[in-house]
Amino acid sequence: MTRENHVERDGKVASKVKGRLTFRIAAVLFIVSAVFELIAVTSGAPLFGAMRDGLVAIVYHLIYIGLYLYLGIGLWQAKPWGYKLVFLTTFVYTLDKAQYLLYRESMLAGLMGQLGGSRELWEMVDKQMVLQAITIVTLLIVAGWWGFAIYTYYRRDFFLSQQENLNTQTVPEENNDGT
């Protein structure tokens, strides 16, 4: 690397690597997602064709809380394990949404649970149209996850450069006698 690709801060040389702001914003959003999962930790979870409650739902939400929280920390600190966790979380999320889409009964059960006392409203709605809309939105969200994973792959130097920055030596300052 040439000196032109570096910025000097506090006597240390740091690389100018693209992606820092994007990963910082994503980190905050993942931590916010973990908080929302924590708020919903006792709510049902759509798993394998039914809404699961109790311990199964709590474990489901705890898994996502852990993934989102660690992913947020790993992205914020640009840790190499944060880079890898992007792909693991994307894979887990994709599998979860695939099983969600395969079991349309769980989609309907989830909607019925969210409507609560408005079941008569549900009777007036075309269920197939609602399921199609949910399917499209779910596929777009999964595509967004994969887009972020691809972006992360192309910006992998951000994670490597952060590790290298920890290993850089301080830039020697010149003494008054010219040495």
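Which residues are exposed on the other side of α1? They are L21, L29, F36 and I39, where exposed means over 50% relative accessible area, buried means under 20%, and partly exposed lies in between (1.4 Å probe, protein chains only).

Before going further, a word on the model. It is a predicted one, in which local features need pLDDT of at least 70 and side-chain atom pairs count only at pLDDT 80 or more, while totals for chains, interfaces and linings use all residues. Residues are numbered from 1 along each chain as its sequence is written, and side-chain values use heavy atoms, with hydrogens and water left out.

**The overall picture**

The protein has seven helices and four strands. Helices (H or I, at least four residues) and strands (E, at least two) are DSSP runs, numbered from the N terminus. Starting at that end, the order of elements is β-β-α-β-β-α-α-α-α-α-α. Of the 179 residues, 32% count as buried.

| Helix | Residues |
|---|---|
| α1 | 20–39 |
| α3 | 80–102 |
| α6 | 127–154 |

Helix α1 has 20 residues and reaches 29 Å from its first C-alpha to its last. That is close to the expected 28 Å, a span given by 1.5 Å times one less than the number of residues. The buried residues of α1 are F23, A26, A27, F30, A34 and E37. They lie on the same side of α1 because they cover an arc of only 110° around the axis, taken from the directions from the helix axis to the C-beta atoms.

**How α1 meets α6**

Two packed helices are described by the angle between their axes and the distance between the axes. For α1 and α6, the angle is about 140° and the axes are 12 Å apart. The helices are therefore oblique, the word for angles that are not under 35 degrees (roughly parallel), over 145 (roughly antiparallel) or 65 to 115 (roughly perpendicular). Axes are lines fitted to C-alpha atoms, for helices over the stretch in contact, and angles run from 0 to 180 degrees between N-to-C directions.

**A salt bridge and a buried leucine**

A search of the whole structure finds one salt bridge, meaning a side-chain nitrogen of Lys or Arg within 4 Å of a carboxyl oxygen of Asp or Glu. K97 forms this bridge with D96, and their closest N and O atoms are 3.9 Å apart. Both K97 and D96 are buried.

L85 is found in helix α3 and counts as buried because its relative accessibility is 13%. The C-alpha atoms of L85 and G72 are separated by 9.8 Å, with the two residues 13 apart along the chain.
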